[in-house]
Amino acid sequence: MSELTIAMPKGRIFEEAYQMLIDVGFNLPEEVEMSRKLMIEIPEEKIRFILAKPTDVPVYVEHGVADIGIAGKDTLLEQKRNVHELLDLKISQCYIASAGLPNTTMNEIAPRIATKYPNIAMNYYKEIGEQVEIIELNGSIELAPMIGLADRIVDIVSTGRTLKENGLVEYEHITDVSSRLIANPVSYRMKSARIQELVTRLKKFVN
Amino acid sequence: MSLKMFEKPLGMRDTFPVIYEKIETVRQTGRKFLRARGYDFIETPSLEYFDTVGKASAIYDASLFKLVDSQGNTLVLRPDMTTPIARVATSKLLKEKIPLRLAYFANVFRAQQTEGGRPAEFGQMGIEVIGDSTVFADAEVIITAIHLIQSFGIESFKITIGHAGVLNCILKDYTESDEQASTLRKLLVDRNYVGFEEAVETFHLPKTKSDALLQFINEATTFASIEEIEKYVRKNDALEYMQQLIELIKAADLSQYVALDFTLSSHMNYYTGMLFEVFAEGSGFELGNGGRYDGLLHHFGSEVGATGFGIRIDRLLEVLPSKETEDETVAVIFNELEYMKALQIANNLREEGKRVTLQSKNGLINEEAFTKQFGQVVYVSQEDLA
């Protein structure tokens, strides 16, 4: 049995996904000490976890240093990396939407869109034929319309509470997002049996 | 110019001596191997017309390096070798000798959008068999690919084979419109299996059809034998072709290197028949690919079949087992007055098959650092004469 390296996003998704692996019968320690560790070895299952920033997971997988990984669909859409998308794990489900101050129309010439997802936003507005100017921000996106930097924001929405608290309303639903199991194309071939077995077990559990 | 002196265009790389030697070894091994199998090497120009080669190439338009010649024609740096070879073959060579067996080792150019460090120019080695439409030509291509990879000492690799005809048949039979079939095909090109399942659900197909598609996508990359695809496909030529191909590979006793993947699909519609990808342990990226591309020859106005493969040299170097082939190096360091004698000594050593560097002592700034690079150092000085 070949060793499998799994890139996991740090934080809440890690815990959910880790629990999922336990639920489908992997022999993993119930408690993992993951305060500062970036790598966890599970010799009994020949599995190694690497803990990465969520948006970096597809990078590790594309380069093949991790065989498989768990990444948000938002990251996959934004980065368009060469990885196989194997399974929708249906965890951390949310969606990407555009939002802005209530009862506002967009600037007619080239409305400004603030977002963490410049590619997703650009593709969306291109598709609906809207000419826009994309402003890339790295956080606190909600600030942009409040302070007049942008007409709309394109961001991830899970409960809508953050929008509400900042006096913003949702305008357009762009796409649904959840965590996906992704694989490196070479690993998918060279470690086919192990990866398929994992997918089958998870698939049964998810559905 | 505002550019810094040492800057290179995005994706362009220098090849330093150590890597150069490795590439040269690969070239020689590959050349010897392919010539022994009756392939003739060919070279085509780096620049081609966009209208001829650029448009027909399987490489995305956004990856092409384009420039304009003095007459205003758009040119491209060749993004692959298959298209130029198809051009040459249909314009000239095909009249002479059919089927043609051609090989190449050349650099191709693909502009990078993603990350700065990825190469935009890289070597490719491959073959094309032009003018043979039989399954034996496809088998020869796959078998040659396997043996070529083995000849580099690589043992852990896999070739996955699919067939555009089989996939098209399945997509056509289980969907209700061409549009649905092409949506699914596009998702397979991106290897988005999740998207495939989602799309199937949104089509609201009759249950038998959607169940078949979902089951197919579940199994299609893990078939242990060709028989397992049969339940999805009407009896057709493509399926029979694949059965024969698998038989031929089995006859060559190479089945262990081959896996089936009927989701394999290309965004170019001239890949009409079988197609395959090559993966090797040690690199996260595909080593190479190949397939039958009769449609490309038709594009150039010829009705003959063509099939071939190419492997990327930069990725091959990553998976190459490291081999220490140290040459015997000698430095001959001389005083000005002893030049004649130094020449003589150097020549004698070279005749013994050694790599000899002739260096005047006065030209050295740091003699110790210089001589450290050599296996042996010979001083030619006055004292030696005495």
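How many helices and strands does chain A have? I looked that up before anything else, bearing in mind that this is a predicted model. Chain A comes out with 8 helices and 11 strands.

**Chain A, overall**

I took the C-alpha trace of chain A along its principal axes and got a span of about 60 × 30 × 30 Å. Next I checked burial: 38% of the 207 residues of chain A count as buried. Then I turned to contacts with a separation of 6 or more in chain A, and 67% of them come from residues 24 or more positions apart.

**Where B meets A**

I went to the interface next. I found 15 residues of chain B in contact with 17 residues of chain A. On the chain B side, the elements giving two or more residues are β7 (157-163) and α7 (193-202). α7(B) gives the most to that side, with 3 residues. I also sorted the chain B side by class and noted 5 nonpolar, 6 polar and 4 charged residues.

**Helix α9 of chain B**

Which residues of α9(B) are buried? My list reads B:M242, B:L245 and B:I249. Looking down the axis of α9(B), I see these buried residues fall within an arc of 60°, so they line one face of the helix. The face turned away from that buried side carries the exposed residues B:D237, B:E240, B:K250 and B:A251.

I then asked what the buried residues of α9(B) pack against. The partners are α4 (135-151), β7, α5 (164-173), β8 (258-260) and β9 (274-280), in chain B. After the helix comes B:D253, and I noted its positive phi, near 60°.

I traced an open sheet of 3 strands in chain B, and its order is β2-β4-β3, with antiparallel pairing. β2 (47-49) and β3 (66-68) of chain B stand at the edges with a single partner strand each, so one side of each has no neighbour in the sheet. I noted an average twist of 40° from one strand to the next.

Which residue of β4(B) stands opposite B:K66? I found B:V76 there.

How values were computed. Residues are numbered from 1 along each chain as its sequence is written. Chains are lettered from A and ligands numbered from 1 in the order in which they are written. This is a predicted model: local features need pLDDT of at least 70, side-chain atom pairs count only at pLDDT 80 or more; totals for chains, interfaces and linings use all residues. Two residues are in contact if their C-beta atoms, placed from the backbone, lie within 7 Å. Helices (H or I, at least four residues) and strands (E, at least two) are DSSP runs, numbered from the N terminus. Ala, Val, Leu, Ile, Met, Phe, Trp, Tyr, Cys and Pro count as nonpolar, Asp, Glu, Lys and Arg as charged, and the others, Gly among them, as polar. A residue is buried if 20 or more other C-beta atoms lie within 10 Å of its own, exposed if 12 or fewer, and partly exposed in between; C-beta atoms are placed from the backbone. The arc is that of the directions from the helix axis to the C-beta atoms. Two strands pair if DSSP finds at least two bridges between them. Axes are lines fitted to C-alpha atoms, for helices over the stretch in contact, and angles run from 0 to 180 degrees between N-to-C directions.
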